[in-house]
Amino acid sequence: MKMKRLLIFFCCLITFPSALAVTVQDRLDLLAEYPELEVFDEAPFDEPLPAAGLSAPDLNVPSALLMEKETGAVLFALNEREARQPASVTKIMTMLLTMEALDGGLIKLTDKVPVSGYAQNMGGSQVYMHEGEEYSVGEMLKAIVIASGNDASVAMAEYLSGSEETFVGRMNERAAELGMTDTVFKNCSGLPENGHVTSARDIALMSRELLLNHPAVREYTTIWMDSLRDGTFTLANTNKLVRFYQGATGLKTGSTSAAKYCLSGTAERGGMELIAVIMGAETAGIRFAAARKLLDFGFANYQLVPAYPDRVPGPVSVILGTLPEVMPEISAQAKLLVEKRQVKDLEKAVTLAESVHAPVIRGQKLGEVTVKHGDQTLAVIPITAADDIPRLTFAQIFGRILKLFLMG
């Protein structure tokens with residue numbers, strides 16, 4: 001009977017995502033009966049954001065951090081440099097290296113990945129792969145991201161680097177490149193191992209790298225339920241934010257008796273994506289509730305705004321250039337994270353050179369935009385040359401003078 005109700009619950013969530021299919025009370029009753037489905041302590045579904053207020057959220061966790069993806073700005077931090085076991089949140093680095101190989105053209109989603117006996121025997125969370133089986137890279141990503149399969153993680157590591165040991169070496173190299181100074185990886189899955197540690201700050205750094213430069217990963221991290229083996233093996237996302245938090249984009253859960261409950265929870269609203277990292281929560285419910293508080297705090301109080309002015313500045317004269325003018329540009333990616341209460345009072349002042357001597361090199365600074373709120377300078381963004389403008393040669397200068405003389 002319990003199994004039948006559980007299946008009905010999952011089917012309703014897939015087929016009828018609105019409250020018309022499953023009432024809030026139905027969900028709460030089932031969550032109480034099945035702790036493995038626990039989402040939040042009080043399970044608030046689709047409630048509006050709280051009113052803006054910059055008081056930091058009260059979290060019942062030992063370590064946490066909230067980061068805005070585009071700028072990398074930290075909006076909240078609690079013991080964020082404390083080295084702790086991350087459990088399966090480790091797999092974010094495994095996902096990152098896989099996506100880098102995909103986007104770099106080294107592998108394809110359709111490539112077949114063999115399963116070794118070593119991968120089969122990983123234990124812990126798994127999708128029960130067997131030695132000699134082959135799965136596509138896309139299927140491996142589903143198994144890693146959705147079901148947190150340790151067997152899939154090791155099989156993917158072996159496919160990319162020949163062995164898990166070699167792959168872990170690359171994980172640590174990549175961590176160093178990203179400035180993850182609190183991190184030492186011992187395996188690619190997050191299984192408990194002495195010295196396998198990271199911090200909330202470092203988890204945010206690798207999460208940001210994954211989302212910022214490999215957006216296609218969202219095709220996997222936003223899946224609520226899927227399957228393997230031609231639909232015969234069901235995958236249910238361990239990250240319940242994907243189903244129960246508006247705008248959720250991922251990213252990865254983790255839990256062991258030593259690490260307790262960890263999460264890198266990400267969501268996007270109004271063009272701003274936030275990364276909420278939770279480490280060491282006592283229960284799954286506390287973990288998700290804390291992440292929700294952090295995300296709500298960020299979305300309620302901050303806004304990502306373009307740093308460029310409303311009016312694009314005009315061309316700049318080029319002295320002795322092969323072209324008379326060069327167009328200035330401000331990177332379309334230049335954005336500024338500000339408190340929502342500051343947005344209406346922002347001032348943007350443009351300083352731009354009237355002329356510049358050739359040669360002009362693309363990216364050469366021509367001026368700047370200064371963004372201020374009252375007397376406080378929030379950002380100074382360079383205005384640069386959009387093109388290369390070579391300097392006229394002596395022959396070209398002489399030819400122009402001769403042309404003017406003949407026309408005169």
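The model is predicted. Strand β8, at residues 260–269, is largely enclosed by the rest of the structure, because seven of its 10 residues are buried. Ala 307 is likewise assigned to the buried class, with a relative accessible area of 1%, and a search of the whole structure for disulfides finds zero.

**Strand β8 and its two partners**

- Strand β7, which covers residues 248–256, runs antiparallel to β8 and is joined to β8 by eight bridges.
- Three residues lie between β7 and β8, and the two strands form a hairpin; within this pairing, Thr 253 stands opposite Leu 263 of β8.
- Strand β9, made up of residues 272–281, also pairs with β8 in the antiparallel sense, again over eight bridges, and here Ala 267 is found opposite Leu 274 of β9.
- The hairpin of β8 and β9 has two residues between the strands, and in this hairpin Gly 270 adopts a positive phi near 60°.
- In a regular strand the side chains alternate between the two faces of the sheet.

- Ala 307 counts as buried because its relative accessible area of 1% falls under the 20% cut-off.
- When residues up to four places away in sequence are not counted, Ala 307 touches Ala 334, Lys 335, Lys 348, Val 369, Val 371 and Ile 381.
- Between Ala 307 and Ile 330 the separation is 23 residues in sequence, while in space the C-alpha to C-alpha distance is 8.6 Å.

**The open sheet containing β11**

- Three strands, in the order β12-β11-β16, make up an open sheet whose pairing is mixed.
- The edge strands of this sheet are β12, at residues 325–326, and β16, at residues 355–357, each of which pairs on one side only.
- Strands β11 and β12 run antiparallel and are joined by two bridges, and Ser 317 has Glu 325 in β12 as its bridge partner.

**Cysteines**

- Cys 188 is classed as buried, since its relative accessibility is 0%.
- Cys 262 likewise has a relative accessible area of 0% and is therefore buried.
- Across the whole structure, the search for disulfides finds zero.

Conventions. Residues numbered from 1 in each chain as written. Predicted model: local features only at pLDDT ≥ 70, side-chain atom pairs only at ≥ 80, totals over all residues. Heavy atoms only, no water. Buried < 20%, exposed > 50% of the residue type's maximum accessible area, 1.4 Å probe, protein only. Contact = heavy atoms within 4.5 Å. Helix = DSSP H or I, 4+ residues; strand = E, 2+ residues; numbered from the N terminus. Pairing = 2+ DSSP bridges. Disulfide = S-S within 2.5 Å.
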